[in-house]
Amino acid sequence: MDFNLDYLVRDNIRNLAPYSTARHEFSGEASVMLDANENAIGSPVTLDINGQQELLNRYPDPVQTKLKQRISEIKGMPVEHIFTGNGSDEAIDVLIRIFCEPGFDNIITLPPTYGMYGVAAAINNIKVKEVPLNAGFQMDIQAIADAVDEYTKILFICSPNNPSGNSINRQDIEIILNNFDGIVVVDEAYINYARQKTWSLQLTDHPNLVVLQTLSKAWGLAALRLGLAFASKEIIHLMNNVKYPYNINIATQELALQGLQNVDQVNAWTRDCIEQRGWLEKELQQLPFTQKVYPSDANFLLVKMTGANAIFSYLQQKGIIVRNRSSVPGCADCLRITVGTVEENKALMKTLKDYQG
Ligand SMILES: *Cc1c(COP(=O)(O)O)cnc(C)c1O
C-alpha cells in the first residue's frame, strides 16, 4: 500500500488558489456589512424559522460552521473531517474533479450500483471501468485488482448497495482499503437501515477512505439537498477548495439544523421502516410469481419476479410506481420497491395479489 495524497491530486487542484469570499475573510460579528455587494435594505421574501422571519439578503456561511457542529455532535466526528454538499451528488462530482484528470484517469464502479458515479465521471470525461458484483452482489476482489491501472484514481463502493439492498462485506472493503492506492469512496446513503456499522469511524486507519452519507433517505430531507462526506482533514480541505463557495443555501442550512434536532423521531421512523421491510419481504415471498426477495439492509427491496416488466406496467396502471431494474445487468426481472407507509405497503400487496399473470 503506497497511498500518497499529494501525488493523487490533479496538479491544477494542488496548485489552486481557491476563491475567497467576503465572508471567508471576516467571520466575527459586525454591525455594518458593506463588503459583499448585497442589498442592504431587505429581501422580498423571508424564511420562517420557528416563527422568526429570517431575511435572505445576506450570503450564507460558506463553510456551514453551525451545521457542521451539529453534525459533529451527532456523528462523533470532528468538524474538520466533515464536508457538506448540495446532496451527495456534489461530493461525488467534487471528488472526481479533485482526483481525475479528464481524458486520462479512470474510476471503478461495481454494477449494479448507483448511477451517479458513472454520470459524474462521464460529464468530467473520465473513463469508467465497471467490475460487476458477483451473483450474491458482493465484490470480486481479484477482478477489481485486475482492473486497477496507474490511472485508476477512485473506487466507488455503495454499501448498502443501491439497487440490490445488501451491505458489502466488511473484510472485503478492508482488503480494498489496505491494497488500493487510490481513493476508496464508501457510499452509505442507506446506513441508518443497515445491520453493519458505519465506516466513518475508521478514518484514522485509512487515509484513502471517504464516507458519503446524506439527509435524503432516513432523515427525510431529500428536498433540502444536503449530503455529507467524511474523510481526512487533507481531503476535506481539498473538497472545500473545489466546491462552489456558497454551495449550501441558508434555507438548507437553517432547516437542516432544525431537522437534526429530531434524532429520536428519525430513529423511530427508521425502526418502523425496518419492521415494514420485514413484513413486505415475507408478503412478497408468498406471491406465486416471486422468484426471490433479496436480503436488504436499506429502505427498499429488490425482488426478482417472473414477468417483471408486465408486473411493473400493471402496477403503474393501478397508480403504484416502483423502479423497474429489469434491464440492469445482474438485475434481470427485478423490481426495486421502496418501503412505504403501512397503508402504501398494504395497497401494494393487495394490488399484487389481484394480479392475473
Ligand atoms: C439516494 C442515494 C444518494 C443520495 O443522493 P443525494 O444527492 O444526497 O440526495 C446517494 N447515494 C446513493 C447510493 C443513493 O441511493
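**A walk through the predicted model**

Gln 202 touches Arg 170 and Leu 209, once you set aside residues up to four places away in sequence. Keep in mind that what you're looking at is a predicted model. You'll find Gln 202 in the loop between β7 and β8. Is it buried or exposed? Gln 202 counts as buried because its relative accessibility is 18%, and the cut-off for buried is under 20%.

Now step back to the overall layout.

Next, the inside. In soluble globular proteins, nonpolar side chains tend to be buried together. Here the largest nonpolar core has 41 residues, and Leu 110, Met 139 and Ile 157 are the ones touching the most other members. Several elements each put in at least two residues, among them α4 (65-75), α7 (141-147), β6 (152-158) and α10 (250-259). The largest share, three residues, comes from α8. This core also draws on both domains, with at least three residues from each of domain 1 and domain 2.

Beyond its neighbours within four places in sequence, Ile 157 is in contact with residues including Leu 110, Met 139, Ile 173, Val 185 and Asp 187. There's also a second, separate core of 33 residues, which includes Ile 13, Val 94, Met 239 and Val 242.

Asp 187 turns up again at the ligand: an N or O atom in its side chain is 2.7 Å from a nitrogen atom of the ligand. For Arg 225, an N or O atom of the side chain is 2.6 Å from an oxygen atom of the ligand, and for Asn 162, a polar side-chain atom lies 2.9 Å from a ligand oxygen. How much of the ligand does the protein cover? On its own the ligand has 390 Å² of accessible area, and the protein covers 94% of that. In total, 14 residues surround the ligand, with Tyr 190, Thr 214, Ser 216, Lys 217 and Arg 225 the closest.

Asn 162 has another feature to look at: a cis peptide bond joins it to Pro 163, with omega about 20°. Pro 163 lies in the loop between β6 and α8.

Most residues other than glycine have a negative phi, and most peptide bonds are trans. Phe 137 has a positive phi of about 55°, and it is found in the loop between β5 (127-130) and α7. Phe 137 counts as buried, because its relative accessibility is 4%. Asp 333 has a positive phi too, near 60°. Asp 333 is partly exposed, with a relative accessible area of 30%, in the loop between β12 (323-324) and β13 (334-338).

Finish at α10. Its N-terminal end is capped by Asn 249, with a side-chain oxygen 2.9 Å from the backbone nitrogen of Ala 251. The buried residues of α10 are Thr 252, Gln 253, Glu 254, Ala 256, Leu 257 and Gly 259, and their cover includes β1 (47-49), β2 (52-54) and α4.

How values were computed
Residues numbered from 1 in each chain as written. Predicted model: local features only at pLDDT ≥ 70, side-chain atom pairs only at ≥ 80, totals over all residues. Heavy atoms only, no water. Core = buried A, V, L, I, M, F, W, Y, C linked by side-chain atoms within 4.5 Å. Buried < 20%, exposed > 50% of the residue type's maximum accessible area, 1.4 Å probe, protein only. Helix = DSSP H or I, 4+ residues; strand = E, 2+ residues; numbered from the N terminus. Domains from an automatic or database assignment. Contact = heavy atoms within 4.5 Å. Near = heavy atom within 4 Å. Polar contact = N/O pair within 3.5 Å; in protein donor to acceptor, adjacent residues only side chain to side chain. Areas by Shrake-Rupley, 256 points an atom, 1.4 Å probe, with all protein chains shown as cover.
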